[in-house]
Amino acid sequence: MFDNIQLEEIIRKRKSVRSFDKKNLTNKDLEKIKKYIKEIEDNDSPFKADIHIHLLETKKLSDNQKLGTYGVIHGATTFLGVTVKKTDNMMEAIGYNFEKLILLLTNMGIGTCWLAGTFNREQFESNMKIEKNEIFPIVCPIGYPADKKTFIESVFRSVGKSDQRKEWDKIFFENDFNTPLNRDDIGDYVLALEMLRLAPSAANKQPWRILYKNGNYHFYKEVNPNNKYPYDLQRLDVGIGACHFHLTCIEKGLRGEFQVLKNIDEETPKNLEYLFSWVVNKKK
């Protein structure tokens with residue numbers, strides 16, 4: 001799906017868009033988006049889960065079906081919603097699969113914005129016909145970005161420090177969580193980790209932590225004791241980062257696979273939780 005596309009350029013270009021120009025998506029762009037959705041739903045990702053992506057055009061809604069985003073989104077006429085059947089790795093799967101779609105949309109010039117809390121869940125559930133047994137954590141407005149940002153969007157970007165990311169020595173470690181990862185030790189994986197570092201996350205918290213040990217990369221998340229949702233958004237964020245990491249590995253021919261290892265011998269700090277590992281295939 002990313003043939004002839006420079007992934008690094010797309011990742012660096014991607015940003016949250018909250019101000020749209022109110023134009024409906026063209027039929028050509030809509031058909032392309034629907035094609036991408038089907039390919040993502042039909043093809044396996046590293047994180048197995050039954051994911052469904054819903055597309056809703058507000059022009060087809062009556063006045064009493066309008067959708068609420070509490071003033072944080074302006075001018076959007078089309079929304080995507082993501083649902084999943086409950087499984088152990090459902091949040092990582094949503095993060096991975098939907099971020100892959102967002103990168104494809106970014107390459108099309110389509111604006112996007114992950115929304116986990118700032119939307120009227122009941123309105124979206126009703127209009128997207130979400131089933132009762134589905135987990136529904138995310139919606140995303142899509143459309144052509146407006147030439148001028150709204151005041152609210154400017155505030156969000158400023159308060160959330162959207163353009164800032166944690167430095168390498170805060171999130172990437174080697175052998176233990178007291179030793180920052182030395183870039184000289186990992187060769188071609190420098191770019192894959194840098195693309196992970198640039199990934200978006202809820203409130204820009206960047207909850208991923210990577211431990212490089214014995215030639216493999218172990219993915220952890222920060223534990224959030226104040227989680228207000230019935231699901232773990234930190235795991236979703238790590239799935240987003242894993243998408244950036246994995247797609248870069250594929251593009252650069254870095255072979256390996258994600259595995260959940262049962263015997264991680266590193267003593268994990270209380271504020272971290274092990275999720276999975278990227279096990280490097282050293283065979284050429």
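A: The answer below takes the sheets in turn, with the helices that go with them. The model is predicted, so local features need pLDDT of at least 70 and side-chain atom pairs count only at pLDDT 80 or more, while totals for chains, interfaces and linings use all residues. Residues are numbered from 1 along each chain as its sequence is written, and side-chain values use heavy atoms, with hydrogens and water left out.

Helices (H or I, at least four residues) and strands (E, at least two) are DSSP runs numbered from the N terminus. Two strands pair if DSSP finds at least two bridges between them.

Strand 3 runs antiparallel to strand 4 (residues 134-143), to which two bridges join it. In this pairing, T112 stands opposite I142 of strand 4.

Contact here means heavy atoms within 4.5 Å. Axes are lines fitted to C-alpha atoms, for helices over the stretch in contact, and angles run from 0 to 180 degrees between N-to-C directions.

E92 belongs to helix 3. Its relative accessibility is 2%, and E92 therefore counts as buried; the class covers values under 20% relative accessible area, with exposed over 50% and partly exposed in between (1.4 Å probe, protein chains only). Leaving aside neighbours within four places in sequence, E92 is in contact with F47, R235, G239, L275 and F276. The C-alpha atoms of E92 and S277 are 13 Å apart, although 185 residues separate the two along the chain.

The other open sheet to describe has six strands in the order 6-5-7-8-10-9, with mixed pairing. Strand 6 (176-180) and strand 9 (256-259) each have a single partner strand, so one side of each is left without a neighbour in the sheet. On average, neighbouring strands of this sheet are turned by 35° against each other, direction ignored. Six bridges pair strand 7 (residues 208-213) with strand 8 (residues 216-222) in the antiparallel sense, and Y212 has Y217 of strand 8 as its bridge partner. Helix 7 (residues 189-197) lies across strand 5 (172-174), strand 7, strand 8 and strand 10 (272-280), running at about 165° to strand 7.
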